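We'll take a walk through a few parts of it, one stop at a time.

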Amino acid sequence: MVGVFSEFDGLAAASGLPARPLHLAIGMFDGVHLGHRAVIDAAIRSARSDQGISAVLTFDPHPSRLFRPHQPVQLIMTPGIKSHLLAEAGVDHVINQTFDADYASIKAEDFVAHIQQHLPALKALYVGENWRFGHKRAGDVDLLTKEAVRTGIEVFSAPRISHNGSPISSTRIRQLLTTGEMAAANALLGYPYRSEGRVTAGRRLGRTLGFPTLNLPWEAELEPRYGVYAVRVRATDADAPGLDAVANFGLRPTVESATVAARLEVHVLDPKAVVAAGWREGTGLRVNWLSFLRPEKKFADLEALRMQIAQDRREAGDFFLR
C-alpha cells in the first residue's frame, strides 16, 4: 500500500504518522545515488509487502557545517531536489531533521530510543553498512542492531555498491562533477544530474548573437565545472521528456567585466519549441545535465563568441543524434 508523499520538519513533527508499520531508512543521502538506493529501496519494498509506511530520515545541514565550519562538505544537491528524488523513488514520507549541536549530542546508545519516542510505529531501520551515528559518531551498525533488537526493531544494513571496481559514494560523485565528468557522475547517480530554477529576464545578449537563452538563476553548494554542456530541459511541473539544449554554466568572462556569481544559461536547440511550450519569465524549469562539451573561456570579441556558440550548438546536436 503506497501512501501520499509528504515531508516533515524534524522527528517531532512526524509524530503524527499513521499507526502502521514504519520502515525507516536513515542517512544523509546527498545525491540519492545508486548506493543510497540500495538502502532506500529495501525500506520501500519491505513497507509495501508489510502494508506499512516507508520513510527516510535525513539531515540538514550536513554535519560538517557543525564540526568543520571552515571546510564544510559541499552538497551535490539542495534539500528540495533531494526530496523530489526520494518521492520519485517511491518513498511515502521524508523527515528533514535539523542537524545542530543538540542533535549531535545524542548518545549513540540512546539513538534508537530517541527515534522510537517520536515514531512509536517504527518496525525496521535501514542503513548503509558503514553508517555512523550518535555523539562523536560512536555508533555503528553493530551497536544499532544491539539497541534496536532490544526493543523488537529490525535492522537491515546494505553493503556498499561498486562501479568499475570502486565504491559508489557522494565524495566520488562530487569529484566527477567538479572535473566535468558528467557521464561518469550520472552513471553513479543512476539518473542525470539536475538543477532547477525559474526563468528570469536577462540582457538578451544571446538573442542579439542569434542564440536566445533561458536565464536560470541557480545557487549550488557544489558547482559543477564551469563550461558548456549538452542538457535536456523541461518544466518542473511536467512529465514531458524535455527539449534538447546546450547550456553554459560559469562567469561569462567575455561579457562580464566584474566578478559575478556563476550563472546558468540554456539555449534550446529548437527555439520554436520554447514558444510552443509557453515558457516565459517565472516558469520553473528542470535541467538534466548530460555531457560536458568544453570548458569556459574568454573570447577576443563577440563575433568570436558567436562563432563558438554556433559550434557548441552543433556539438550538442551531434550528441543527441548518437
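How many residues does helix 1 have, and how far does it reach from its first C-alpha to its last? Helix 1 covers residues 34-49, which gives it 16 residues, and it reaches 22 Å, close to the 22 Å expected at 1.5 Å a residue. (The expected span is 1.5 Å times one less than the number of residues.) Before we go on, a word on what you're looking at: this is a predicted model, where local features need pLDDT of at least 70, side-chain atom pairs count only at pLDDT 80 or more, and totals for chains, interfaces and linings use all residues. Residues are numbered from 1 along each chain as its sequence is written, and side-chain values use heavy atoms, with hydrogens and water left out. Helices (H or I, at least four residues) and strands (E, at least two) are DSSP runs, numbered from the N terminus.

Now, which residues of helix 1 are buried? They are Gly35, His36, Val39, Ile40, Ala42, Ala43, Ile44 and Ala47. Buried here means under 20% relative accessible area, exposed means over 50%, and partly exposed is in between, using a 1.4 Å probe and protein chains only. In an α-helix there are 3.6 residues a turn, so residues three or four places apart point the same way. The cover over the buried residues of helix 1 includes strand 2 (22-26), strand 3, helix 3 (79-89), strand 5, strand 6 (154-158) and helix 7 (170-178), with contact meaning heavy atoms within 4.5 Å. After helix 1 comes Gln51, with a positive phi near 55°.

Most residues other than glycine have a negative phi, and most peptide bonds are trans. Lys136, however, has a positive phi of about 60°, and Arg137 has one near 55°. Lys136 lies in the loop between strand 5 (122-128) and helix 6 (141-150), and Arg137 is found in that loop too. Lys136 counts as exposed because its relative accessibility is 73%; for Arg137, also exposed, the value is 52%. Elsewhere, the peptide bond from Asp60 to Pro61 is cis, with omega near 0°. Look for Pro61 in the loop between strand 3 (53-60) and helix 2 (64-67).

Last stop: strand 12 (residues 243-250). Six of its eight residues are buried, so strand 12 is largely enclosed by the rest of the structure. Strands pair if DSSP finds at least two bridges between them. Strand 11 (residues 227-235) runs antiparallel to strand 12, joined by seven bridges, and Gly227 stands opposite Phe249. Strand 13 (residues 263-268) is also antiparallel to strand 12, with six bridges; there, Val246 has His267 as its bridge partner.
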